[in-house]
Amino acid sequence: MAEGDLKTLALADLHAELGGKFVGFAGYAMPVQYPLGVMGEHLWTRESAGLFDVSHMGQVMLPGDSDLETLVPVDVAGLAEGRQRYGFFTNDAGGVLDDLMIARVPDGLFLVVNAGCKDADIAHLRAHLDGVRVIEDRALLALQGPKAEAALAALIPEVADMRFMDSTRMAWNGAELWISRSGYTGEDGFEISIPEGRAEAFARALLEDERVEPIGLGARDSLRLEAGLPLYGQDMDPSVSPIEAGQAWAISKVRRSGGDRAGGFPGADTLLDQIANGAPRRRVGLLPEGRAPMRTGVEIFTSPDAPTPIGKITSGGFGPTLGAPMALALVASDTPGDIPLYGEVRGKRLPVAQVKLPFTPPGFKR
Amino acid sequence: MKFTEDHEWLEADGNIITVGITEHAATQLGDVVYVELPEVETQVSKGDEIVVIESVKAASDIIAPLDGEIVEVNDALADKPALVNEDAMGAAWFFKIKIDDLDALDEYISEEEYKDLIGE
């Protein structure tokens with residue numbers, strides 16, 4: 001896509017003023033990094049608070065009585081007002097169409113979906129449900145890191161009382177903010193939906209706090225990878241089931257076999273069978289032994305001379321907090337979990353250790 | 001010192017040429033976390049991909065600017081790849097290549113021409 005075809009964010013001028021370097025991502029001109037650099041921004045977020053513009057993501061409102069449970073394997077009916085759950089849209093084969101956040105709010109269900117999938121998600125929702133309303137006049141910001149609470153509470157003191165995955169509405173200078181205590185960096189933090197016309201003033205108010213720095217897409221990716229969080233389009237896609245992707249935990253008990261509302265979502269037979277009997281592949285965390293990062297697409301073998309790969313890396317890079325390369329891979333389920341594996345980089349098989357995820361400990365406030 | 005349009009610098013000492021990347025290139029790459037260097041005594045041809053530089057986000061190659069033999073590589077980069085960001089034009093040289101044909105350097109551009117190229 002030519003640069004001129006990219007959509008711009010409401011805060012584009014602010015990003016440019018802050019020295020943001022832009023790249024095309026999911027059809028938007030997005031700040032990938034600021035003068036601090038990807039490494040510096042990553043470490044800043046782990047130690048203090050990073051402000052991300054995630055306005056490219058889709059925001060959708062559904063009526064409260066929406067039958068969203070027919071599209072997601074999540075307990076939506078039992079979701080209390082003011083609470084949020086993570087989930088995914090599945091296809092008939094049990095693959096993942098997108099992952100999303102679902103919050104029950106006073107006037108319905110508020111969904112946040114990935115930028116690259118939002119058009120397809122909205123079409124999917126409209127094909128099956130009534131009352132789908134796309135929110136196009138609100139920006140979405142994420143404030144993440146151990147000092148996120150203190151920095152946001154300096155503007156809105158009540159946020160300090162929110163628990164992880166609470167979703168609530170609060171006012172700031174007359175603007176209604178939709179705030180959830182969540183994020184996708186492995187840190188405590190908040191996602192804040194705000195009317196576009198007020199977003200710049202709010203972002204500036206946060207950035208005036210010396211604990212807050214603007215953070216780009218580059219660090220967002222390394223932060224989520226260190227936190228062991230799968231990324232849609234890399235670690236999950238329509239050919240990967242959520243069980244394979246290590247996300248079985250997000251399939252609610254009431255939607256599983258034996259539950260009050262078992263099944264009833266696309267691919268239910270396959271997914272419930274995989275929960276009971278295992279899936280063909282599983283997601284593993286890998287630590288390459290050397291310093292060479294192993295990136296997406298690197299094939300994984302069980303020995304230096306095994307003829308065929310048993311899987312491949314779906315996300316890989318360097319972990320600034322970890323100080324070492326790290327990767328997520330999908331491998332055949334019968335691969336023993338306690339043996340070293342080998343990633344083939346530029347024709348060489350290099351050893352990788354299988355490790356428990358996440359790579360770095362989470363900072364969520366339960 | 002000569003420059004390539006691929007953002008390498010070449011410093012000649014007799015027929016031994018030291019090669020690194022420019023500060024401009026290092027800034028564009030971002031934080032370098034790993035450098036894979038060629039082996040000493042390797043014969044290389046102009047255009048061969050002989051160095052891999054991995055930054056936090058991506059991998060990129062450096063191609064051999066000249067025909068010749070690798071006579072020395074900068075082992076300091078193995079332990080401290082961040083040197084590329086700190087001192088691209090000095091301590092972070094990548095390799096030294098021995099060439100037969102010194103005239104081959106003539107096709108590369110001067111510092112002034114390089115600065116024009118990157119708009120400085």
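UniProt positions are given in the numbering used here, feature names are shortened, and annotations may be inferred rather than shown by experiment. The model is predicted: local features need pLDDT of at least 70, side-chain atom pairs count only at pLDDT 80 or more, and totals for chains, interfaces and linings use all residues. Residues are numbered from 1 along each chain as its sequence is written, chains are lettered from A in the order in which they are written, and side-chain values use heavy atoms, with hydrogens and water left out.

View 1. An unreviewed UniProt entry places the feature "domain: GCVT N-terminal" at residues 12-253 of chain A. This span is 23% helix and 31% strand, and its end C-alpha atoms lie 42 Å apart. Helices (H or I, at least four residues) and strands (E, at least two) are DSSP runs, numbered from the N terminus. The unreviewed entry also places "domain: Aminomethyltransferase C-terminal" at residues 281-359 of chain A. Here the chain is 0% helix and 53% strand, with 20 Å between the end C-alpha atoms.

**View 2. An open sheet in chain A.** Three strands are ordered β1-β3-β2, with mixed pairing; two strands pair if DSSP finds at least two bridges between them. The edge strands, β1 (7-8) and β2 (21-25), each pair on one side only. β1(A) runs parallel to β3 (residues 28-33) of chain A over two bridges. Lys7(A) has Tyr28(A) in β3(A) as its bridge partner.

**View 3. A hairpin in chain A.** Strands β11 (residues 167-172) and β12 (residues 175-180) of chain A are antiparallel over six bridges. Arg169(A) stands opposite Trp178(A) of β12(A). Two residues separate the strands of this hairpin, and Asn173(A) in the turn has a positive phi of about 45°.

**View 4. The contact between chains B and A.** Chain B contributes 16 residues and chain A contributes 14 residues to the contact (heavy atoms within 4.5 Å). About 1,300 Å² is buried between the chains, 50% of it from carbon and sulfur atoms; buried area is the accessible area (1.4 Å probe) that two parts lose on being put together, summed over both. Val33(B), Val56(B) and Lys57(B) supply 41% of the area that chain B buries against chain A, more than any other three residues.

**View 5. Salt bridges between chains B and A.** Four salt bridges (a side-chain nitrogen of Lys or Arg within 4 Å of a carboxyl oxygen of Asp or Glu) are counted between the chains. One of them joins the side chains of Glu54(B) and Arg295(A) at 2.7 Å, N to O. On the side of chain B that touches chain A, α1 (23-29), β4 (32-36), β6 (49-55) and α2 (76-79) each supply at least two residues.
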